[in-house]
Amino acid sequence: MSAPRFPLRAASALFLERQWLDRPRGRRLGARSLAGFAEATGGIQLDTINVVDRAHHLTLWSRFGPYRRESLQRLIERNRVLFEYWSHAACLVATSDFPAWRRVMMDYRRRHKGWARFLKQQERLIAQVEDAIRTRGPLANADFEDPRKKRRAGWWSWKPAAHALDWLWMSGRTAVHSRVHFQKRFDLIERVLPEALAREPLSADAFPRWHVARSLRAMGAATDLDLNRYLTYPRIEASMRRETLKHLLRTGEVVEIQLDGDRGRWFALREDLEPLAAAARRRTPSAGAALLSPFDSFLWHRERARRLFGFDYTIEVYVPGHKRTHGYYSMPLLVDGHLIGRADTKAHRAEGVLELRRVHFEPWFVRGESPPVRGGGALERDAALTDVAEAAASLARFVGCTRIVTARTAPAGLRSQLRRTIENALARGAAREQPTAGSLSPLAGRSGVDTRSGP
């Protein structure tokens, strides 16, 4: 029997849907929607970079629009809708998925991050740190002294207590209680997640099957390389992943599919065959616009974005300045399901300015051509630029800015038009995002566009 065949646009459309980007900024943030989004994607990545905002705030804004940060904090730290652990990298994951991640915690002594000798030598220190948390309540790394006089940069030169805290967390003896100035505070896991802890963890045999199925559900359709690059923690050996995939194929839970225009070997959950067919029939798989965080789950495997959307993306925060092509914090521009460009973005909060340092539009968009992969007709350029402007204005309000600087565009001929559309979007204020009980109130003060090259 031949494998079911779908057009490539079916996979891209379903991926947008599974990543909750079929309606960018079109949902309302609440306990149920927050948990649902984290379950759907497998995690919401955390990152220390705060050039525009923290990565998880940007990821959530792109799905829910402006929301009250204190509401999110309450949902995480009081209601425990999410908890912190690793899935792709450090992430907020759904508490409903705790039984799966509990298995990883239980197996951590065999799957730790590579410093077993240190931990064996520091068993007494680990016990002391755990006892301090038990006695004093939630503690952060800063609450423990470093006995060494000199410290070097890098996780390998953490002070001993920092290693102990990480070990206790990853092995499930503690959990992140809260964050203060983005610094983790740990408490005993039975005090942070008592109800989740009472649930039966997945068995060692069931976890790899859950891991593959969760990745497939998050992506809709995926290659073996996609499965390897999406949920990257814990690192499952290639041989085990292949055996797990073979098992799921034998049981019929997973099926092999073919995508027109791609010679790769693709897989999907059997239950997703109909959603793939429906996605293929959809004329407009996404309606709306957003700027995406470089750490968005939609971009976790960037080669996938190239194959499905014809968008070649590199996170350049780790690239030396003189070698960067698009800028330090380049945010992809998603419009109606198409990646039409990227904007190197920075928030100057003291001045109330969101700076679009460099905006690069994709050549096909500039030439008025059809998208390179997705198919369908060309985007109407004026409408697309208006959508970008509306998204930029929404982002500005969310990060506490009342003005937007547009420094440079490529091509330069689009700069004036983009500035005008941004000015119009700011003038309209929050008309398209009326505040609700769970949203951010409009910022007071003057709105305007700045034509300078900097704040």
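**Close-up views of a predicted model**

Trp101 and Phe207 are both buried, where buried means under 20% relative accessible area, exposed over 50% and partly exposed in between (1.4 Å probe, protein chains only). The model is predicted: local features need pLDDT of at least 70, side-chain atom pairs count only at pLDDT 80 or more, and totals for chains, interfaces and linings use all residues. Residues are numbered from 1 along each chain as its sequence is written, and side-chain values use heavy atoms, with hydrogens and water left out.

**View 1. The ring pair of Trp101 and Phe207**. A search of the whole structure finds 20 aromatic pairs. Rings of Phe, Tyr and Trp (its six-membered ring) pair if their centres lie within 6.5 Å; planes under 30 degrees apart count as stacked, over 60 as edge-to-face and the rest as tilted. The ring centres of Trp101 and Phe207 are 6.0 Å apart with planes at 65°, so this pair is edge-to-face. Trp101 lies in helix H5 (residues 98-106) and Phe207 in helix H12 (residues 206-219), so the pair ties together parts 106 residues apart in sequence. Helices (H or I, at least four residues) and strands (E, at least two) are DSSP runs, numbered from the N terminus. One aromatic cluster is formed by Tyr85, Trp86, Trp101, Trp169, Phe186, Phe207, Trp210 and Tyr233.

**View 2. The ring pair of Tyr230 and Trp300**. Their ring centres are 4.9 Å apart and their planes at 55°, so the pair is tilted. Tyr230 and Trp300 are both buried.

**View 3. Ile340 in the largest nonpolar core**. A nonpolar core is a set of buried Ala, Val, Leu, Ile, Met, Phe, Trp, Tyr and Cys residues joined through side-chain atoms within 4.5 Å. The largest one has 145 residues, and Tyr85, Ile257 and Ile340 have the most contacts inside it. Helix H18 (residues 381-398) supplies the largest share of this core, 10 residues. Not counting residues up to four places away in sequence, Ile340 touches residues including Leu333, His360, Phe365 and Val388; contact means heavy atoms within 4.5 Å.

**View 4. Arginines over phenylalanine rings**. Arg179 lies over the face of Phe182, at 4.3 Å from the ring centre. Arg304 lies over the face of Phe15, at 4.1 Å from the ring centre. A charge sits over a ring if NZ of Lys or CZ of Arg is within 6 Å of the ring centre and within 35 degrees of the ring normal.

**View 5. Asp187 in strand E7**. The strand spans residues 183-188. Asp187 is buried, with a relative accessible area of 6%. Leaving aside neighbours within four places in sequence, the contacts of Asp187 include Ile133, Pro138, His177 and Val192.
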